[in-house]
Amino acid sequence: RSAGMYDMGIKTISGNRVDFSEKPRSFCFRGLVAKDERVLLYKVKVDSGITFDIALQMYEEAKDNGAVPPTNSGDGWNTRGRSRVITTGFYCDSRNYLRGGKKVFLIINPGSHSASCIVLRPNSGRRLCTKHNLRERIFSSNNLSPMGPTQAKEIWDWEFAQADLPSTELYQFSCVGRHAEVFILSGDLVPILNKLNVSEKERFPRIVRVEAGAASETPLEDHDSDGEMELCHTRGNSGTVSDDDRAGEGTIVGLTGSDDVGKGVARKFLGESVFRGTITKYKEDDGGTYYVRYSHGKKMKMDSYQAKHARRLFEKEVKNLIRIGVPAMDASSLDEYTTGASIAKTRVRHPVLGAGEESDKDHCERIFEDEFDGEIPKSLVGFEFHDEEALDALLQRLATKLISEGVETARDLRNLEMMEAKAVKKTLSQTHQAIGGMASDDGNSIE
């Protein structure tokens with residue numbers, strides 16, 4: 001990512017609750033070349049559900065921000081005089097195959113400039129769905145019927161309670177539980193990316209942000225999906241300011257016009273992914289217009305209010321990265337990267353395998369593993385894996401390659417560190433003796 005090869009948004013793992021379930025595994029995969037670097041493997045428990053209160057807040061916010069398109073918005077088309085506009089709101093699937101149960105959805109249509117809608121479910125949280133697919137289900141197949149919030153609440157609460165199961169189990173047909181476990185590979189990943197040999201059957205893992213804790217409201221902004229130049233609107237028709245606008249308060253961000261070209265901006269797309277970019281041009285007109293290009297190629301033009309909002313969000317992201325241990329210079333850089341995790345550096349490491357226990361070929365990655373003795377952060381960025389066996393296989397392929405290259409193991413590094421510690425201790429002892437001898441010769445005592 002630091003080389004600019006991973007220009008993508010970073011999705012935040014969200015849900016009713018997200019927690020680190022235990023201390024991470026800690027690996028040093030570069031031996032003496034970088035013996036203080038660590039790759040950390042976290043196990044994260046995710047309750048992907050969304051309560052009705054959060055869903056209702058998002059619905060109300062969508063209405064306030066103008067994400068409920070009018071029938072003449074052009075978002076859709078007419079077939080024999082029938083409107084096919086997808087209206088933001090709650091929908092119900094009550095087909096017979098559910099055997100007495102029902103499925104409730106909250107669909108948020110961000111407007112005609114996006115080809116997708118945000119779909120929320122009580123058990124699985126939020127996801128994206130194409131408008132073409134939703135139109136088929138709403139207007140052609142009649143699988144989804146609109147309903148009011150009061151009706152939706154009863155079904156939503158029932159599904160949320162029924163989904164209190166592992167994600168591998170069903171509470172009704174096609175409806176999985178909301179509890180899952182994912183694995184996040186974080187830390188000093190950039191130097192070993194070219195050695196991560198992902199097999200042809202595996203997708204390269206996506207980059208995610210993990211923020212531990214209970215669910216909080218994620219503000220809904222204008223959503224864009226293509227690369228055309230558009231004027232974005234971050235204030236709703238009501239003129240209210242969203243929580244995301246307030247998030248940057250306390251950070252003074254001033255705009256001066258042409259001097260702002262090259263400064264960083266940030267924006268949330270599709271509710272969760274934060275993209276960073278730069279101001280590329282300023283045009284002096286009525287109020288001033290700022291031209292922006294984001295890391296995924298999206299171009300926009302903004303008025304001064306919108307540009308100030310984007311600058312505040314950028315500064316907020318910088319503060320978040322610094323808070324989780326990223327150096328300030330790197331956090332302010334407009335290059336995307338995988339954050340390094342903070343870890344307490346000890347003089348002598350402690351390998352997880354004892355002396356003589358390093359012959360297990362089925363878990364060869366453990367010869368590069370040492371005990372983690374740092375603090376578990378509140379948030380981090382890394383690669384997401386869902387299949388623990390596939391992740392283990394990936395780490396074993398990496399370890400096998402490193403062994404063939406002669407990279408030092410955790411035991412090798414510990415032995416070296418112990419020798420260095422003894423040498424330092426011996427040098428200090430000799431220095432103290434020499435100083436003591438000099439003091440005796442002068443007839444002075446050193447306390």
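This is a predicted model: local features need pLDDT of at least 70, side-chain atom pairs count only at pLDDT 80 or more; totals for chains, interfaces and linings use all residues.
A salt bridge is a side-chain nitrogen of Lys or Arg within 4 Å of a carboxyl oxygen of Asp or Glu.

| Pair | N to O distance |
|---|---|
| lysine 43 and glutamate 22 | 3.7 Å |
| glutamate 405 and lysine 195 | 3.2 Å |
| glutamate 369 and arginine 366 | 4.0 Å |

The side chains of lysine 43 and glutamate 22 meet in a salt bridge. Lysine 43 belongs to strand 4 (residues 39-47), while glutamate 22 sits in the loop between strand 2 (17-20) and strand 3 (25-27), so this pair ties together parts that are 21 residues apart in sequence. Glutamate 22 counts as partly exposed, at 41% relative accessibility.

Glutamate 405 and lysine 195 form another salt bridge. Here glutamate 405 is found in the loop between helix 7 (388-404) and helix 8 (410-441), and lysine 195 in the loop between strand 14 (179-187) and strand 15 (207-211), so the parts tied together are 210 residues apart in sequence. Glutamate 405 is partly exposed, with a relative accessible area of 41%, and lysine 195 is also partly exposed, with a value of 22%.

Key: Residues are numbered from 1 along each chain as its sequence is written. Side-chain values use heavy atoms; hydrogens and water are left out. Helices (H or I, at least four residues) and strands (E, at least two) are DSSP runs, numbered from the N terminus. Buried means under 20% relative accessible area, exposed over 50%, partly exposed in between (1.4 Å probe, protein chains only).
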